[in-house]
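My notes follow as numbered points, to be read with the model open beside you.

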Amino acid sequence: NELLVKRYLSKGDIYLHADIHGAAAHVIKNHTQEAVPPLTLAQAGLSCVCRSNAWDAKMVTSAYWVHPEQVSKSAPTGEYLSTGSFMIRGKKNYLPPNPLVMGFGLLFKVDE
């Protein structure tokens, strides 16, 4: 998670995570600076939840998204952040809960 945020999260992107142990952080790269479509947010949020301990527990929960400037590596005075953790400042934008369904597809382009 730490490497993903440090290297790839930039202004205009979206950071997604879930409030459950084992959830992976996701970054939606937004090269157009337009609003990210709701379907893209929902699919990335579902991926966060499915790749966490919620999958094994068959627990329906939701992910949240924030802007890059809300993600910080520093904790407030008197608090401690464990390795790989981030502090989210401000409002978390929660996505609606979805059923735990995940698929994987490959697309090949054959060049003639």
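1. The sulfur of Cys-48 lies 9.7 Å from the closest cysteine sulfur, that of Cys-50, which is too far for a bond. A disulfide here is a pair of cysteine sulfur atoms within 2.5 Å, and a search of the whole structure finds zero of them. Cys-50 is accordingly listed in no disulfide.

2. A word on the source: this is a predicted model, in which local features need pLDDT of at least 70 and side-chain atom pairs count only at pLDDT 80 or more, while totals for chains, interfaces and linings use all residues. Residues are numbered from 1 along each chain as its sequence is written, and side-chain values use heavy atoms, with hydrogens and water left out.

3. (Buried means under 20% relative accessible area, exposed over 50%, and partly exposed in between, using a 1.4 Å probe and protein chains only.)

4. Now to the sheet. Four strands form an open sheet in the order S2-S1-S3-S6, with antiparallel pairing. Its edge strands are S2 (26-28) and S6 (93-94), each pairing on one side only. Strands are DSSP runs of E with at least two residues, helices are runs of H or I with at least four, and both are numbered from the N terminus; two strands pair if DSSP finds at least two bridges between them. S1 and S3 (residues 63-66) are joined by four bridges, and Ala-18 stands opposite Ala-63 in S3.

5. Helix H2 lies across S1, S2 and S3, running at about 40° to S1. For that angle, axes are lines fitted to C-alpha atoms, for helices over the stretch in contact, and angles run from 0 to 180 degrees between N-to-C directions.

6. Do have a look at His-17, in strand S1 (residues 14-18). His-17 counts as buried because its relative accessibility is 14%. Contact means heavy atoms within 4.5 Å; beyond four places in sequence, His-17 touches several residues, including Cys-48, Ala-63 and Tyr-64. A polar atom of the His-17 side chain lies 3.2 Å from the backbone oxygen of Ala-23.

7. Last, Asn-53 sits in the loop between helix H2 (38-50) and helix H3 (54-57). At 36% relative accessibility, Asn-53 counts as partly exposed. Leaving out residues up to four places away in sequence, Asn-53 touches Ile-20, His-21 and Gly-22. The C-alpha atoms of Asn-53 and Gly-22 are 5.6 Å apart, although 31 residues separate the two along the chain.

Note on methods:
Polar contact = N/O pair within 3.5 Å; in protein donor to acceptor, adjacent residues only side chain to side chain.
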